[in-house]
Amino acid sequence: MRKIRTALAALGAAAAVVGGGLVGAPAAQAAPTWSTHDKNCETLTGLDAESLGSVCAEVQKRVTDAGSVNGYRARVTVTPAAGQWMKPTTYSWSSDGALSQVCSGGCAQQSSAWTSAWSPVKTTAGTYVVRGELPGDSLFDVGASWSDWARVAEKCSTYAAGKFCVYRHERGYRTTMQERGKLTVAPAAGKWIEPRWVRVGTVMNGTDTYKTADLCDPSCTRRTTSWSATVSRTMPGLASPLELYASAQVKLPSGETRTFKASLSD
């Protein structure tokens, strides 16, 4: 009995007696690690096409030992050309839109390669855009990362063959906006729906520009289970009046071809 008690005491925090058995202490979890999420570098030139150097916006993601992402941080690196200078001023995240200073109290003009400190951690994915000053009263604006797709419009229809929907999504990508059209089909039991195309586009001043994914290339497929397809592009510069939309076309067992649209108008 003395030997058994001695052995149990030696285990200490590594084990406990539960119901007459031993349960090991939980293994320590690995600390989250930071890894590259996105890095975008741009070479800048002056009004006379003279090289001013380059600016890089960099975003890292914080990954847990289970593989999930629970944070983002960002920084800026400037590399002025010989005889030039750059001065980072502010940055913002699309997740909250707040404008923050790159350096507390303001950054100095940088005449050699320089990297800022990491920004405070954000828990929501978004675009990081950093701004700054250049010689000749010029400015720079460089971004990295992207936000989640946001659903801004939808249109669904239900027939005997099942249900189909088209969605319009938008997101920020670096310093631009992107638009996406998504088609989903959910055929009824024993029925089929044949997706033919899905489109995303913009109508401005009566001119319709769009991008289409041909879902019948190389051939049409009759879907008997839930299925989806997307098409996306960078949004053009917007002018008013305008319409932002996503549209799609499907064919049904009845022989009908249905075209439908989800849209926003100014």
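**Note on strands and salt bridges**

1. Lysine 261 is partly exposed, at a relative accessible area of 40%. The model is a predicted one. The salt-bridge partner of lysine 261 is glutamate 243, with 3.8 Å between the closest N and O atoms. This pair joins distant parts of the chain: glutamate 243 belongs to strand β17 (residues 242-251) and lysine 261 to strand β18 (residues 257-265), 18 residues apart. Glutamate 243 has a relative accessible area of 19% and counts as buried, because the cut-off for buried is under 20%.

2. In total, the structure contains 12 salt bridges. One of them is between the side chains of glutamate 179 and arginine 233, at 2.5 Å from N to O.

3. Glutamate 256 and arginine 258 form a salt bridge through their side chains, at 2.3 Å from N to O. Glutamate 256 is partly exposed, with 31% relative accessible area. Arginine 258 is also partly exposed, at 30%.

4. Four strands make up an open sheet with antiparallel pairing, in the order β3-β4-β5-β8. The edge strands β3 (33-45) and β8 (114-115) each have a single partner, so one side of each lacks a neighbour in the sheet. Between β4 (residues 51-63) and β5 (residues 69-80) the antiparallel pairing runs over 11 bridges. Opposite cysteine 56 stands threonine 77 of β5.

Key: Residues are numbered from 1 along each chain as its sequence is written. This is a predicted model: local features need pLDDT of at least 70, side-chain atom pairs count only at pLDDT 80 or more; totals for chains, interfaces and linings use all residues. Side-chain values use heavy atoms; hydrogens and water are left out. Two strands pair if DSSP finds at least two bridges between them. Helices (H or I, at least four residues) and strands (E, at least two) are DSSP runs, numbered from the N terminus. A salt bridge is a side-chain nitrogen of Lys or Arg within 4 Å of a carboxyl oxygen of Asp or Glu. Buried means under 20% relative accessible area, exposed over 50%, partly exposed in between (1.4 Å probe, protein chains only).
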